[in-house]
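Visitor: Hi, can you walk me through this one? Please keep it simple.
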Amino acid sequence: MGRIQLKSVTKSFGDVEVIPPLDLTIEDGEFTVFVGPSGCGKSTLLRLIAGLEDMTSGSIDIDGADATDVPPAKRGLAMVFQSYALYPHMTVRKNIAFPLRMAKLDQAEIDKRVEGAASVLNLTDYLDRRPGQLSGGQRQRVAIGRAIVREPAAFLFDEPLSNLDAALRVGMRLEISELHERLATTMIYVTHDQVEAMTMADKIVVLQAGVIEQVGSPLELYRTPRNLFVAGFIGSPKMNFIEGPEAEKLGAQTIGIRPEHIAVSESEGDWSGVVSVSEHLGSDTFFHVHETGLAETITVRADGEVSFRHGDRIHLTPRSDAIHRFDAKGLRFE
Amino acid sequence: MATQHSRSVARLMMAPAVVLLLGWMLVPLTMTLYFSFKKYLPLRGGDLGWVGFDNYVRFVSSSSFWPAVQATLVIVGGVLVITVILGILLAMLLDQPMWGQGVVRILVIAPFFVMPTVSALVWKNMFMDPVNGLLAHLWRFFGAEPISWLSEASMTSIVMIVSWQWLPFATLILLTAIQSLDSEQLEAAEMDGAPVLKRFYHIILPHLGRAITIVILIQTIFLLSIFAEIFVTTGGAFGTRTLTYMIFQRVLESQNVGLGSAGGVYAIILANIVAIFLMRIVGKNLDA
């Protein structure tokens, strides 16, 4: 069980208000991702839930019970830190067993749970090594192991993949998703990487300057971003924003169109421009188009086989049903 | 070619320093060894010829030898225990964010800048004097009979004085070690359900292991040879005669250079035994 409810939570460091009043409910078993640019307060929010920071005002309920003044250890939450925070002088076995030893479980039970966690995470061969002798991915797994043996109500992940290289990150992303499927425990995951958010989350919470910009499933955010910030943050490459006469034609201050919703043609189209850079990924090709008269750069995604070079003039046609319209305040409207 | 060239030039340029340091060490060592096999009484006939191991036998069979070894070890051990324990506590205290942190840290380091002779005199005359000392006043304030520290509790007094001098060193080294502890580790331990004392025992103490080793090794080297503190306070009386002080007495008070030199060789051997012993116990911390 792990339903977490934040009620008008605020946090200030001195005079600086990092989190203005914020309400949020995380349902039991949900994989929730807090995403936002660095410094948006997402880690602070996670630390408030963990109890490592004290709230300035507001309250937190965990499973319906008020946990506002409950110390971190008693909240039944387990956290995986960005630096993994493994205990360097203990073996992997002792690291994983540490929370159980603190909970004064008997040795047989500790051994059983540690072995169980180690086999789930493929760490059985490394139990007698120290963290310093492990690779980044293995340390990450030890940190997760230390969290799962406690059988917590919810897992908190604080940017756990940011210290790993790109290939390993994709692998660990999958492993964490699989772990969530298997354990079906509430997970709260903080990241600045919108790809991680899109691929793993049941529910994404987009934060900016401590304010929740939008909450929803990955596809909801992708299809119907509430405002310019969410529209620009979710999706890769970024959505193109166009202001001026082209937007006014549709009765909007700004219109947005994703790179994948623009068709490319050599001969005809609504807009035209000159290719500045083309990025070939094999499966896709991204063109950065200049001199369109709409915006400084328009990014377009085309099939991997389409090939234009620097300096080629090409024509672009947006999919009319995929154009997002935003008003003067930056809010999206239909 | 160039590297080989520059390497030999480098050797050439280092040579003066190496030769000087080697001479600095070898000349006194050789002279000590040389005199230790001689009967040499500067005021009673001078060089009276070779005597083999006579000096060594006499030094050890003296009734004050084993008490001196014991006094040395008690002072070294006592100071180490006090400075390491108090040093850890002070370092953790100073690591807390507080107002005037910079000034407080400088004040804590201050005793280290005071010369041993001066600090021992200050302790002797201002604190431990049985009539006018601050401690005597304090005792009288509570209606107790003042203690004449240096004669009644001579060993305790000297351990106190030396600990006061070396506490800043220990605190400084341990403070830098504590500051390098990753705060996420402590937070992880807190989430794992470890209360304050267990966090100290399982996380902070192991993290400090290496720093404690360094403090113990360096302090032992210096504490084995403390002299000024004893010279200006008890003058070696009341059971505070250490090995170093005994050598001084043999050479300068008894004017027996040969006997003192033999003692010096014993001191070298003792220092090495202690060093090996310490390396064995705590040295493995340095590898980890």
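Guide: One term first: two residues are in contact if their C-beta atoms, placed from the backbone, lie within 7 Å. Helices (H or I, at least four residues) and strands (E, at least two) are DSSP runs, numbered from the N terminus. This is a predicted model, where local features need pLDDT of at least 70 and side-chain atom pairs count only at pLDDT 80 or more, while totals for chains, interfaces and linings use all residues. Residues are numbered from 1 along each chain as its sequence is written, and chains are lettered from A and ligands numbered from 1 in the order in which they are written.

Visitor: Okay. How many helices and strands does chain A have?
Guide: Chain A has nine helices and 19 strands.

Visitor: And what does its C-alpha trace span?
Guide: About 75 × 45 × 35 Å along the principal axes of chain A.

Visitor: What share of chain A is buried?
Guide: Of the 334 residues in chain A, 39% are buried. Buried means that 20 or more other C-beta atoms lie within 10 Å of a residue's own; exposed means 12 or fewer, and partly exposed is in between, with C-beta atoms placed from the backbone.

Visitor: What about contacts in chain A between residues 24 or more positions apart?
Guide: Take the contacts in chain A with a separation of 6 or more. Residues 24 or more positions apart account for 63% of them.

Visitor: Let's do strands. Which strands form the open sheet, and in what order?
Guide: Six strands of chain A form it, in the order S6-S7-S8-S3-S9-S10. The pairing is mixed. Two strands pair if DSSP finds at least two bridges between them.

Visitor: Which ones are the edge strands?
Guide: Strand S6 (77-80) and strand S10 (211-216) of chain A. Each of these pairs on one side only.

Visitor: How many bridges join S9(A) to S10(A)?
Guide: Five, and the two strands run antiparallel. S9(A) covers residues 203-208.

Visitor: What is going on at S1(A) and S2(A)?
Guide: S1(A) and S2(A) form a hairpin, with two residues between them. Gly14(A) is in the turn and has a positive phi of about 65 degrees. S1(A) is residues 4-13, S2(A) is residues 16-26, and seven bridges join these antiparallel strands. Ile4(A), for instance, has Ile26(A) as its bridge partner in S2(A).

Visitor: Which strand does S1(A) also run antiparallel to?
Guide: Strand S4 of chain A, residues 57-62. Five bridges join S1(A) to S4(A). Gln5(A) stands opposite Asp61(A) there.

Visitor: Now a helix. Which residues of H1(A) are buried?
Guide: H1(A) is residues 42-50. Its buried residues are Lys42(A), Leu45(A), Leu46(A), Leu48(A), Ile49(A) and Ala50(A). Just after H1(A) comes Gly51(A), with a positive phi of about 95 degrees.

Visitor: Over to chain B. How far does H3(B) reach from its first C-alpha to its last?
Guide: H3(B) is residues 65-95, so 31 residues, and it reaches 44 Å. That is close to the 45 Å expected at 1.5 Å a residue. The expected span is 1.5 Å times one less than the number of residues.

Visitor: What covers the buried residues of H3(B)?
Guide: The cover includes H8, H10 and helix H12 (243-253) of chain B. Among the buried residues of H3(B) are Ala68(B), Ile75(B), Val79(B), Gly87(B) and Ala91(B).

Visitor: And H5(B), which residues are buried there?
Guide: Ser119(B), Ala120(B) and Trp123(B). They cover an arc of only 100 degrees around the axis, which puts them on the same side of H5(B). That arc is taken from the directions from the helix axis to the C-beta atoms. The buried residues of H5(B) pack against helix H8 (154-179) and helix H11 (228-233) of chain B.

Visitor: Which exposed residues are on the face turned away from the buried side of H5(B)?
Guide: Val118(B) and Met126(B).

Visitor: You mentioned H11. Where is the place of Phe231(B)?
Guide: Phe231(B) is in helix H11 of chain B. Phe231(B) is partly exposed, with 16 other C-beta atoms within 10 Å. Tyr245(B) is 14 residues from Phe231(B) in sequence, and 7.9 Å away in space, C-alpha to C-alpha.

Visitor: Last one. How many residues of chain B are in contact with chain A?
Guide: 14 residues of chain B, which are in contact with 15 residues of chain A. Helix H9 (183-191) and helix H10 (196-223) of chain B each supply at least two residues of the side of chain B that touches chain A. H9(B) gives the most to that side, with six residues.
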